[in-house]
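Here is a note on charged and aromatic side-chain contacts. Please read it with the structure open.

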Amino acid sequence: MSAPKDATAAALVARLGLVPHPEGGWYRETWRDGRAVTAAGFDGPRSASTAIYYLLEAGQFSALHRIASDEAWHHYAGDDLEVVCLDAEGAARTLRLGPLTGEATPQAVVPAGWWFGSRLAAGGRWALVGCTVAPGFDFRDFEMADRAALTARYPAHAALIASLTR
């Protein structure tokens with residue numbers, strides 16, 4: 001991934017020590033709870049909770065994926081961000097994160113097991129958010145969407161799936 005295009009986004013990437021994220025955008029883990037928990041559906045203990053900074057710029061997106069934990073999103077700065085989800089029944093939902101203006105809210109939660117990705121709202125330049133996961137994030141619990149398989153399962157959302165997969 002090349003350097004950020006927007007000067008403010010570039011300054012935030014540098015100041016916060018963000019690096020390219022496998023899903024797209026920039027991130028840095030900021031906290032991993034030292035306590036371990038065990039929970040149904042996990043193959044062994046996990047940190048009780050984890051947190052990251054996450055930044056997206058215009059033209060970037062976080063590819064559709066799912067994890068085994070709930071993920072709370074927090075808007076810190078910049079433009080509105082859309083977290084696009086396919087719920088357990090396959091219905092599409094969009095959570096709009098941003099300042100308390102219009103339809104945006106500064107915090108939203110994606111339930112465990114939902115497919116989700118994110119992108120800037122139309123006209124956005126960049127957004128800085130945070131994500132908190134409990135039980136804590138672990139790549140063992142992460143699944144990147146396969147465009148063909150997800151489209152076959154949810155054909156009504158083919159355009160949405162194509163826009164948020166590589």
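1. Start with Arg119. Its relative accessibility is 26%, so Arg119 counts as partly exposed. The classes are: buried under 20% relative accessible area, exposed over 50%, partly exposed in between, with a 1.4 Å probe and protein chains only. Arg119 forms a salt bridge with Glu82, at 3.1 Å from N to O. Glu82 is buried, at 15% relative accessible area. Arg119 belongs to strand β11 (residues 115-120) and Glu82 to strand β8 (residues 81-86), so the pair ties together parts 37 residues apart in sequence.

2. A word on the basis. This is a predicted model: local features need pLDDT of at least 70, side-chain atom pairs count only at pLDDT 80 or more, and totals for chains, interfaces and linings use all residues. Residues are numbered from 1 along each chain as its sequence is written, and side-chain values use heavy atoms, with hydrogens and water left out.

3. Salt bridges next. The rule asks for a side-chain nitrogen of Lys or Arg within 4 Å of a carboxyl oxygen of Asp or Glu. The count comes to 13 salt bridges. A network of them links Asp43, Arg46, Asp138, Arg140 and Asp141.

4. Arg46 is buried, at 3% relative accessible area. Asp43 forms a salt bridge with Arg46, with the closest N and O atoms 2.7 Å apart. Asp43 is exposed, at 54%. Asp141 also bridges to Arg46, with closest N and O atoms 2.7 Å apart. That pair links distant parts of the chain: Asp141 is in the loop between β12 (126-134) and β13 (142-144), Arg46 is in strand β4 (residues 46-47), and they are 95 residues apart. Strands are DSSP runs of E, at least two residues, numbered from the N terminus. Asp141 and Arg46 are both buried.

5. Now the rings. The whole structure holds six aromatic pairs. Rings of Phe, Tyr and Trp (its six-membered ring) pair if their centres lie within 6.5 Å; planes under 30 degrees apart are stacked, over 60 edge-to-face, the rest tilted. Trp73 and Phe116 are edge-to-face, 6.3 Å centre to centre, with 85° between the planes. Trp73 lies in strand β7 (residues 70-78) and Phe116 in strand β11, so this pair ties together parts 43 residues apart in sequence. Both Trp73 and Phe116 are buried.

Key: Helices (H or I, at least four residues) and strands (E, at least two) are DSSP runs, numbered from the N terminus.
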